[in-house]
Amino acid sequence: MAIRTLILFLTFSTILFVNTDLVAQTVLALNTPDSATLGAGTNKNYEFQTVAGASYNVTVQGNNPFKPELKINGAQQPGQTGSLGTMTGTLSGTGGKARLEVSGWSGMSGSYTIRVTINVPNLAVNTPDSATLAAGTGKMYDFQTVAGITYVVTLQGNNPFKPELKIDGALQPGQTGSRGTITHTLNGSPARKARLEVLGWSGMTGSYTIRVSVNVPTLVLNTPDSAALSPGASKGYDFQTVAGSSYNVVVQGNGTFKPELKIDGTLQPG
């Protein structure tokens, strides 16, 4: 949706009316479904902010035998697929706001509840994801942070790929190391859904595969790790548990050090 600027020179006798055909819209957050009840011929409209080059999955799910109709930026999408009246579509980000229109099928009877979702992949810590990017195309990721934990974000592309990386909307400095590798740190405070945007350098040619990782150290059982911490600093660890097993976690500091420990986000007693 284009943004237009009006420059108006008004005299005292001028009466100005500015009319638009915009209908009420709900701002839809990524990875956060919205629910609505629709009948035949009724609809609900959504908008959300896109990132240029990123690809989004749009899902509309209604309870059987609901047949939802979906428009993305005014274009009617193909009919339902799968069970429970589910529709899926893809949307390419332009950097502007996208509009979704969800309607009840004109021939249906009764009212039905829908769930509308726009998804980007959730990136698991210590689990890389791969994607193939060309110039100007991109991919977005969310992941849940834990306050006080420092994360290392690694983006690696095969030579001569020059990836670009945004963390929470901020463009990061250029590549370092070999094979077009970018590494940066991310502070988990405050606890939030952090957003990563990976873009193909606009001047490159061809398509290249990237690997995106958000890492904290993996702690091996019975193998201590050492770290030097100052007030307010922290280090996070992951380790794989076995269902039904009990584990002893020991944090030992020298001198007057008073460590604080969180397990799965819960602060432990002093």
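P190 sits in the loop between β15 (182-187) and β16 (193-200), where strands, like helices, are DSSP runs numbered from the N terminus, with a strand being E over at least two residues and a helix H or I over at least four. The peptide bond that joins S189 and P190 is cis, with omega at about -5 degrees.

Before I go on, a word on the basis: this is a predicted model, in which local features need pLDDT of at least 70 and side-chain atom pairs count only at pLDDT 80 or more, while totals for chains, interfaces and linings use all residues. Residues are numbered from 1 along each chain as its sequence is written, and side-chain values use heavy atoms, with hydrogens and water left out.

Back to the backbone, then. Most peptide bonds are trans, and most residues other than glycine have a negative phi. N73, which is not a glycine, has a positive phi of about 50 degrees, and N73 belongs to the loop between β5 (68-72) and β6 (75-76). Because its relative accessibility is 48%, N73 counts as partly exposed, that is, between buried (under 20% relative accessible area) and exposed (over 50%), with a 1.4 Å probe and protein chains only. N126 also has a positive phi, near 65 degrees, in the loop between β9 (111-119) and β10 (129-134), and N126 counts as partly exposed because its relative accessibility is 24%.

Let me turn to strand β4, residues 55-62.

As for partners, two strands pair if DSSP finds at least two bridges between them. β4 and β7 (residues 86-92) pair in the antiparallel sense over seven bridges, with N57 opposite T90 in β7. β4 and β9 also run antiparallel, joined by six bridges, and T59 has T117 as its bridge partner in β9.

Finally, the surface. F239 lies in the loop between β17 (207-215) and β18 (262-263), and F239 counts as partly exposed because its relative accessibility is 33%. Together with L219, L221 and Y237, F239 makes a nonpolar surface patch of about 320 Å². Accessible areas come from the Shrake-Rupley method with a 1.4 Å probe, and for residues only the protein chains shown count as cover.

Technical notes:
Patches are made of residues with over 30% relative accessible area and no salt bridge: like charges are joined within 9 Å, nonpolar side chains (Val, Leu, Ile, Met, Phe, Trp, Tyr) within 5 Å. A salt bridge is a side-chain nitrogen of Lys or Arg within 4 Å of a carboxyl oxygen of Asp or Glu.
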